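Please look over the sequence and the structure shown below before reading on. The report that follows takes up a few places in turn.

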Amino acid sequence: MAIVDVQVPQFSESVSEGTLLTWKKKPGEAVTVDETLVEIETDKVVLEVPAPASGVLTEIGVADGSTVTSQQLLAKIDTEGKAGAAAAAPAAAAPAAAPATAAAPAAAGGNKGDVAMPAAAKILAEKGLAATDVAGSGKDGRVTKGDALAAGAKPAAAPLVVPAAPAVAKPLPSVAAPASQNLGDRPEQRVPMTRLRARIAERLLQSQSTNAILTTFNEVNMAPVMELRKKFQDSFTKEHGTKLGFMSFFVKAAVHALKKYPILNASVDGNDIVYHGYFDIGIAVGSPRGLVVPILRNADQMSFADIEKKIAEYGKKAQEGKLGIDEMSGGTFSISNGGTFGSMLSTPIINPPQSAILGVHATKDRAVVENGQIVIRPINYLAMSYDHRIIDGREAVLGLVAMKDALEDPARLLFDI
């Protein structure tokens, strides 16, 4: 027998622990090298734990939902084992024991198959089930959290009679491990925050409590950008294999303004102001797990095509939960595009330790006055929140005006004026 350990991956310095999600394999099942066995959620990303070798998963030492640390032992793989052997062993041994003696260890608590893991015991209690009512898949037949979640609720002896509601209540969205209450047509579910959501909440509160946040607004006529995009879309797509979107223009315009007003690209460190000689732009992206902000490194050195390709790559990774910690660390300035969801105006919150963030919104045809005449133009309202501790209103307003000028006359980006 050759045993190989399955361990928690090495976390980065900024991550101390994670939460083990649902195991994808059970003891006794065959696994292949690099096959994902389980996922670990940290406050930044979800890490996949691959099988280090092919063989049979003989033992799982950490239950679903447990808190784990870097390099912790999770399971063992027998590289010479046969699938089903580990699971069949307890069943094969049962007939060999005499009936009279078999009951004694069970009464003394020796039958581990009737034991539920702590997280599983809580769920079973809420469902009105005992550990003996559920077939355990954990070590020595222990009932895991996954077993408890999959188990059906035990029917009540005298079901509660609820008066008929005037309308059928819509079911709540499906969520992981809900604690439900039977309240007739007014159901509730209580679920714990994911580590990412808890981290987002922590950082937003930190931002509002430590920064002197103020927001300045302006409007931009997007017609020049839209005309330029329409004129070159086909040739751009043919040449670079990606579409020319609007976000690359916003990134370019932001970098253009940050070069003119470096304080917008700075950050606070104690009583010091740190001026960054590089432009790492964070792009806020919605994902099934929550808001994430991957970084465009050295955005000032990226072409329009480079920016569009990288944003598309980040968007795909965010949906698949495959963004790496290094892809979301750092950043000197951020852009949040609420316009993709139809937002008309918002006041974005600064992403610490950055000192400013640009909010982009939906472009809509609006009546504006030009040369004394009312005309219709595609208008986008820009909002820039900034930390008033180091950024004065003058720099903030002029910085946003520089972005507006660059978008209304994109040739400025070419000549850097």
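Does G18 count as buried or exposed? In this predicted model, G18 counts as buried because its relative accessibility is 0%, and a residue is called buried when that value is under 20%. G18 belongs to strand β2, which covers residues 17–20. The C-alpha atom of G18 lies 9.6 Å from that of V45, and the two residues are 27 apart along the chain.

A contrasting place is L345, found in the loop that runs between β18 (333–337) and β19 (356–360). With a relative accessible area of 42%, L345 is partly exposed. Together with F217 and M344, L345 makes a nonpolar surface patch of about 290 Å².

The second largest pocket has a volume of about 810 Å³, and of the 40 residues that line this pocket, R203, L291, V292, V293 and N351 are the closest to its centre. Two or more residues of the lining are given by each of α5 (195–210), β16 (290–292), α9 (325–328), β18 and β19. The largest share, six residues, comes from α5. The table divides the lining of the second largest pocket by residue class.

| Class of lining residue | Number in the lining |
|---|---|
| Nonpolar | 18 residues |
| Polar | 17 residues |

Conventions:
Residues are numbered from 1 along each chain as its sequence is written. This is a predicted model: local features need pLDDT of at least 70, side-chain atom pairs count only at pLDDT 80 or more; totals for chains, interfaces and linings use all residues. Side-chain values use heavy atoms; hydrogens and water are left out. Patches are made of residues with over 30% relative accessible area and no salt bridge: like charges are joined within 9 Å, nonpolar side chains (Val, Leu, Ile, Met, Phe, Trp, Tyr) within 5 Å. Accessible areas come from the Shrake-Rupley method with a 1.4 Å probe; for residues, only the protein chains shown count as cover. A salt bridge is a side-chain nitrogen of Lys or Arg within 4 Å of a carboxyl oxygen of Asp or Glu. Helices (H or I, at least four residues) and strands (E, at least two) are DSSP runs, numbered from the N terminus. Buried means under 20% relative accessible area, exposed over 50%, partly exposed in between (1.4 Å probe, protein chains only). On a 1 Å grid over the protein atoms alone, a cavity is a set of points where a 1.4 Å probe fits but cannot get out, and a pocket is an open set with protein on both sides within 12 Å along at least five of seven lines; lining residues have an atom within 4 Å of a point. Grid points are joined across faces, edges and corners, and a volume is the space filled by probe spheres set on the points. Ala, Val, Leu, Ile, Met, Phe, Trp, Tyr, Cys and Pro count as nonpolar, Asp, Glu, Lys and Arg as charged, and the others, Gly among them, as polar.
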